[in-house]
Amino acid sequence: MEEIVFSQYTVDFARAALDYCIFVEKAKNVNKKAFVENMTKILPLLYLKVSILPEIQENYDSDLESKVSEDFYAQVESNISDLLGEDNVYLETFHPDIQLSDSPVAAKISEDLADIYQDLGNFIAVFKNGQKETMNDSLLLCVEDFKKYWGQRLVNALKALHDIKYKSTIEKD
């Protein structure tokens, strides 16, 4: 059996995750249009790469620590929020509280993208060490978190970014 952590699927996912992390870290250096344009390409690729990973069989029960600090998370979130401005907020349709609420639930693209960044940043930091056991557990944790949490955040942010990207075109037409 081929080692999952060294498979082409994992390498492709790790590359997409790294590209995502690098791009959001540099969000303050690009304009809004370029940011939205790039994110509407990176997010679907990232979703595809994580969703085609083979099932991860082994679990070495490694002790994985978080590498993305709260301060760095806040910086990434703030940079994206500043960049998107008033377009940062969108109405959330999959929030658990929506069924109990009489009013819409607002969400922020910047928080969604920062949440994704936190999981992927932690994954990449551990994955770079090259130790099979921790690489495996980091990949497993990242995929589990995708299924439970950040996968939904990704599609929500993509939906909102799609609206930003094309609303000006639609309004002109």
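**A tour of helices and salt bridges**

Tutor: Glu-3 counts as partly exposed because its relative accessibility is 29%; buried means under 20% relative accessible area and exposed over 50%, with partly exposed in between (1.4 Å probe, protein chains only). The model is predicted, so local features need pLDDT of at least 70 and side-chain atom pairs pLDDT 80 or more, while totals for chains, interfaces and linings use all residues. Residues are numbered from 1 along each chain as its sequence is written, and side-chain values use heavy atoms, without hydrogens and water.

Student: What does the side chain of Glu-3 meet in a salt bridge?

Tutor: The partner of Glu-3 is Lys-132, with 3.5 Å from N to O. A salt bridge here is a side-chain nitrogen of Lys or Arg within 4 Å of a carboxyl oxygen of Asp or Glu.

Student: Where are Arg-15 and Asp-19?

Tutor: Both residues are in helix α1, 4 residues apart, which is about one turn of the helix. Arg-15 has a relative accessible area of 47% and is therefore partly exposed. Asp-19 is partly exposed as well, at 33% relative accessibility.

Student: Next pair, please. Which residue does Glu-37 meet in a salt bridge?

Tutor: Glu-37 meets Lys-41, side chain to side chain, at 3.2 Å from N to O. They are 4 residues apart in helix α2 (residues 32-51), so about one helical turn separates them. Glu-37 counts as partly exposed because its relative accessibility is 27%. There is also a network: salt bridges that share partners link Lys-32, Asp-87 and Lys-167.

Student: Let me step back. How many helices and strands does the chain have?

Tutor: The chain has 5 helices and 2 strands. Here helices (H or I, at least four residues) and strands (E, at least two) are DSSP runs, numbered from the N terminus. Read from the N terminus on, the order of elements is α-α-α-β-β-α-α.

Student: And what share of the chain is buried?

Tutor: Of the 173 residues in the chain, 43% are buried. As for contacts (heavy atoms within 4.5 Å), among those between residues at least 6 apart in sequence, 78% join residues at least 24 apart.

Student: Now the packing. At what angle do α1 and α4 pack?

Tutor: Helix α1 (residues 8-25) and helix α4 (residues 109-127) pack at about 125°, and their axes are 9 Å apart. Axes are lines fitted to C-alpha atoms, for helices over the stretch in contact, and angles run from 0 to 180 degrees between N-to-C directions.

Student: Which residues of α1 and α4 meet?

Tutor: On the α1 side they include Phe-13, Ala-17, Leu-18 and Val-24, and on the α4 side they include Leu-113, Ile-116, Leu-120 and Phe-127. By class, this contact of α1 with α4 holds 14 nonpolar, 2 polar and 1 charged residues. Nonpolar covers Ala, Val, Leu, Ile, Met, Phe, Trp, Tyr, Cys and Pro; charged covers Asp, Glu, Lys and Arg; the others, Gly among them, are polar.

Student: How far apart do the axes of α2 and α4 come?

Tutor: The axes of α2 and α4 come within 13 Å, crossing at roughly 50°. In this contact Phe-35, Met-39, Leu-43 and Leu-46 of α2 meet Leu-113, Ile-116 and Leu-120 of α4. The residues of the contact of α2 with α4 comprise 7 nonpolar, no polar and no charged.

Student: What about α2 and α3, at what angle do they pack?

Tutor: There the angle is about 115°, with the axes of α2 and helix α3 (residues 70-84) 9 Å apart. Lys-32, Phe-35 and Val-36 of α2 meet Ile-80, Leu-83 and Leu-84 of α3. That contact of α2 with α3 divides into 5 nonpolar, no polar and 1 charged residues.
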